[in-house]
Amino acid sequence: MKRALALILAVVLLALGALAEETLPEPEEEAPQMLLGEAAAEYFYEATLYYAASDGISLSPATRTLLVQSGETLLDVVLETLLDPTGGPAQVSVVPGDTRVISREVSGALVTVDLSIDARNVQSEQELLRMYLAIAGTLLELEGVEGVNVLIGGREEGLLGLPCGVFTDVGEDVTTVWAQMQAEADRYLGNAQGSVTRVAALYFPSEDGNWLVPETREVTFGEDGCARALVDALCAGPAALSCARALSPTGTLLAGDPALTVTGEGERVLQLNLSGKALAAAEAGGVQMWQVCGALTLTLCSFYPELDAVRLNVDGVPVVEAPRGDAILSFDESGLRRRDLSGYIGSVARLYLADAAGELVLREVAMSQGEALSPRALLAALFSTETAAALGAVSPVPAALDETDILGVRVRDGVATVNLSARFYSACQDLDEVRERTAVYAIVNTLCGLSGVDGVRFLIEGESVETLTEYIYMRTTLLPNFGAVVAG
């Protein structure tokens, strides 16, 4: 009897010791998924593409099932399919056969597509409009795309002498859109008091000094042209972006009217004379000279019809270089072209961080276009105390953690699976209910802000866990909780 009691006591003591020791939860019956790095599974997507209708004038939507393989983006697959001249007899492409995509930019909800000069090989401006509408209409069908800008050879071609600007809504009846544009052109060109309103992409300096980020906005201009209206809008500052700043605190940078010249080679160059005093005030406010050059060039060359370059002077002296960090950007005296600055176009990411009380707060941050679309890069920003501090917030996860604790991320069927380290699990054991919810939903909300991500599943070292502490059940796909975000 004594030996039996001693055996029972030993078992109880062992069980109590196991409870006192901090261990990872027992794994599920399924095999561990040691997810490493970043991956996206291939998937099929039902895309709506716009082709030429049988009347040869209007557009006709067609549904195509597209395979998006790992390493490809949906945007690129859709564009490649739309520009494929072998779409079939019932689907006549509206793009000239040799047209290629030189580049495409994804900056927030704005997509800019730059086509090769082969795109100009159309029979009329009305056919050019049809091509613009087909591309814009196709891309606007994609989740997260709210504006499309179509360039040819790095410049805005325009129609009837007027800019097309950013397309935010597209109808299938090309004839109606063309008639409206003709009426606008007649009114504008034939009336000294006429004006035109278009949606423009305005490129503003980011607060951190690293990027130029676009904001779409309606711009109205009259007989003096669109150049001054665009510059004034840049100087007034962004209306919605919280991570960008105005180009000038003085209200304008111009020391005279913009002047358009045509070079001997036939290139159209817009000359801007900037005020040295206004420029000094802008630099004192944190706007760097390269950002001034970039904001003006990108905005004007993306909107001003048939503009090849911008030539900048400061009190009559040509701008030929500008420092950016430890580097010096050198510019050709013939003018700045869009391609000279397009490499510095960033995007805006929405991060869910914590305030001092541990509650969820939302912040916008400028990042590279690739990082803003990368689940792992967004999580790395969440785990960075420096990034959070620069945004006036606190990292939502314990301070001992960093991006090395993000072992892997995979997106499949609308679910982002996040594999975190054992150190992450251990560091979260002391979190109270508020901070546990903040840590979890900061990750969930941030990733669900990406197109194609509807929910998040968590793994620890490849295994699912019951909870981090005791408040949130983790063996399921978690949906975003945007209602938990506090103001501030």
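What percentage of the 488 residues of the chain count as buried? The points below answer this and comment on selected parts of the structure.

1. The structure is a predicted model. Its mean pLDDT is 89, and 91% of the residues reach 70 or more. Residues 1-31 require caution: pLDDT stays under 50 over this segment, for which the model has 17 contacts beyond four places in sequence. Where pLDDT is low, the predicted coordinates should not be read in detail.

2. Overall architecture. Of the 488 residues, 51% count as buried. The chain contains 13 helices and 19 strands, and its C-alpha trace spans about 110 × 60 × 35 Å along the principal axes. Among contacts between residues at least 6 apart in sequence, 65% join residues at least 24 apart.

3. Surface and charge. The accessible surface of the chain comes to about 22200 Å², and carbon and sulfur atoms account for 51% of that area. There are 30 positive and 67 negative side chains in the chain. The centres of these two sets lie 2 Å apart.

4. The hairpin of E4 and E5. Strand E4 (residues 101-107) pairs with strand E5 (residues 110-115) in the antiparallel sense, over 6 bridges. Valine 101 has leucine 115 in E5 as its bridge partner. The hairpin has 2 residues between the strands, and glycine 108 takes a positive phi near 65° there.

5. Glycine 147. This residue lies in strand E6 (residues 147-152). Glycine 147 counts as buried because its relative accessibility is 3%, below the cut-off of 20%. Glycine 147 is 39 residues from glycine 108 in sequence, and their C-alpha atoms are 9.6 Å apart in space. Leaving aside residues up to four places away in sequence, glycine 147 touches Ala109, Leu110 and Val111, together with Leu140, Val166, Phe167 and Thr168.

6. The sheet of E9 to E12. Four strands form an open sheet in the order E9-E10-E11-E12, with mixed pairing. Strand E9 (259-262) and strand E12 (317-318) stand at the edges; each has a single partner strand, so one side of each is left without a neighbour in the sheet. Strand E11 (residues 309-314) pairs with E12 in the antiparallel sense over 2 bridges. Within this pairing, asparagine 313 has proline 318 in E12 as its bridge partner.

Technical notes
Residues are numbered from 1 along each chain as its sequence is written. This is a predicted model: local features need pLDDT of at least 70, side-chain atom pairs count only at pLDDT 80 or more; totals for chains, interfaces and linings use all residues. Side-chain values use heavy atoms; hydrogens and water are left out. Buried means under 20% relative accessible area, exposed over 50%, partly exposed in between (1.4 Å probe, protein chains only). Contact means heavy atoms within 4.5 Å. Accessible areas come from the Shrake-Rupley method with a 1.4 Å probe; for residues, only the protein chains shown count as cover. Lys and Arg count as positive and Asp and Glu as negative; His and the chain ends are not counted. The place of a charge is taken as NZ of Lys, CZ of Arg, CG of Asp or CD of Glu. Two strands pair if DSSP finds at least two bridges between them. pLDDT is the predictor's confidence in each residue, from 0 to 100.
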